[in-house]
Amino acid sequence: MRIAVVGTGYVGLVAGACFAESGNDVVCVDNNQTKVRLLRRGKIPIYEPGLEELVHRNRAEKRLTFTTTLAKAVRDSSVIFIAVGTPQGEDGSADLKYVLEVARQIARAMNGYKVIVDKSTVPVGTSERVREVVRRETTHPFSVVSNPEFLKQGAAIDDFLKPDRVVIGAEDPRAQELMRELYEPFTRTGAPIMMMDCASAELAKYAANAMLATRISFMNEVANVCELVGADVDHVRRAIGADKRIGNSFLFPGVGYGGSCFPKDVQAMRRFAAEKDYAFRILDAVEEVNTFQKTKLVAQMKKHFGSLKGKTIGLWGLAFKPRTDDMREAPAIPLVEALLSGGASVQAFDPEAMRIAKGIFGSKITYASSAYDAVKGADALAIVTEWNEFRRPDFARIRSLMRAPVVFDGRNLFAPPQMKQNGFTYYSIGRS
């Protein structure tokens, strides 16, 4: 099948590479000439494990190409995916200007029947708005489909190639058949292809992310109660996770969620519910808890030190989660800002997000060359991202490098008895 993917951001590039991997001819379109030149040279603008190899292989096999010429890509393709950004507006709603402009350009370039697929995360009703835009610009037949992505950053390739489910919102039988044919290679192990109306498909994406965000905030609330009553959140988490109705996923307490999806999608869902005069009270609380949780480590530090002025804090982790360089809404950002405003200095390390961090903080913090370099002369270590390489460090080396052996662990990587045995004053989340 010949496919065009408009947008070479996180979703578009992963989708294009994975569709090519299953034998399709894919052209990825972007209006950023510099990015397209880099992609043609095999340079990947984002960090996602396995993506670089996938792009290189399919470029070599000539199944994957990159262009800035949208019109030709549309004419040469039967299915066109819209995978451009939907940035958050000031009121929390998703800004659809890029989606609708791409739809307009697709319509003007059409030379026959096309399936136009919303791959971007968009609020309910977007498919109808796209349909109206296209209808005004062309007399050619077309179908509009909603096909939300459910990719986890750091595991996006596996998620796409081996999905839990594929959600397709399509009312037109011809479009349904084309989309089923396109996704069948990815669902041979039995994952369902769920056909539904467009509004349900659009809402499914937001509902999934809102539920996961709710679990995180709920567990952080439980952790905060654990600290007050002397319970251990790890024991509580395992006990409730053993219930088959609940399960273990997304029950790890920490310093809050971040990234490009959960914060934006929670706010967008609240917003479009409010537009229908419905107050989504649970999500109001989810967001409130998450904002509070991002202050947790700073509160612990102030309680321990009294004042942050003149203190040096080593920071492990800047990305919002491991296996990505994404710092959008990362808990590290408000943490660093609070430390700096309190008069502390920060020396930070992250395996992948250092370049992004320099664009955010500039010269306000020190960028360490390794995890150990980050703790040299530090009055405390703060752990913000649970990278695997942070899990089994040389504790004796860390203690010898630090000015004081104090650790504030925002991801509960270590056991309190272990840290006490190694000579550290240790603070974690929901444990004593």
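Author: First, the ground rules. This is a predicted model, in which local features need pLDDT of at least 70, side-chain atom pairs count only at pLDDT 80 or more, and totals for chains, interfaces and linings use all residues. Residues are numbered from 1 along each chain as its sequence is written, and side-chain values use heavy atoms, with hydrogens and water left out.

Now the packing. (Helices are DSSP runs of H or I with at least four residues, strands are runs of E with at least two, and both are numbered from the N terminus. Axes are lines fitted to C-alpha atoms, for helices over the stretch in contact, with angles from 0 to 180 degrees between N-to-C directions.) The crossing is left-handed, meaning that the near helix is turned anticlockwise from the far one by less than a right angle; clockwise would be right-handed.

Next, the residues. α9 brings L203, K205, Y206, A207, N209, A210, L212, A213 and I216 to the contact (heavy atoms within 4.5 Å). From α11 come F262, D265, V266, A268, M269 and F272. By class, that contact has twelve nonpolar residues, one polar and two charged. (Nonpolar covers Ala, Val, Leu, Ile, Met, Phe, Trp, Tyr, Cys and Pro; charged covers Asp, Glu, Lys and Arg; the others, Gly among them, are polar.)

Take one pair from that list. A207 sits in α9. It is 59 residues from V266 in sequence. In space, C-alpha to C-alpha, the gap between A207 and V266 is 8.6 Å. A207 is partly exposed, because its relative accessibility is 34%. (Buried is under 20% relative accessible area, exposed over 50%, partly exposed in between, with a 1.4 Å probe and protein chains only.)

Then comes the link onward. The loop between α10 and α11 (262-274) holds F250. F250 has a positive phi of about 60 degrees, although it is not a glycine. At 29% relative accessibility, F250 is partly exposed.

E329 counts as partly exposed, at 45% relative accessibility.

Back to a buried site. N290 belongs to helix α12, residues 281-293. Its relative accessible area is 5%, so N290 is buried. Leaving out residues up to four places away in sequence, N290 touches S217, G256 and Y257.

For comparison, take α13 (296-305) and α14 (332-341). Their axes come within 9 Å and cross at roughly 30 degrees. α13 and α14 are therefore roughly parallel (under 35 degrees; over 145 is roughly antiparallel, 65 to 115 roughly perpendicular, the rest oblique). L297, V298 and M301 of α13 make the contact with L335, A338 and L339 of α14. The residues in this contact are six nonpolar, no polar and no charged.

One more helix pair. α1 (10-21) and α3 (51-60) have axes that come within 9 Å and cross at roughly 50 degrees. That makes the pair of α1 and α3 oblique. Their crossing is left-handed. On the α1 side the contact uses L13, V14, A17, C18, A20 and E21. On the α3 side it uses L51, L54, V55, R57 and N58. The contact of α1 with α3 has eight nonpolar residues, one polar and two charged.

Last, a strand residue. F349 lies in β10, residues 345-349. F349 is buried, because its relative accessible area is 10%. G314 is 35 residues from F349 in sequence and 8.1 Å away, C-alpha to C-alpha. Not counting residues up to four places away, F349 touches a list of residues including L315, W316, G317, M354 and F390.
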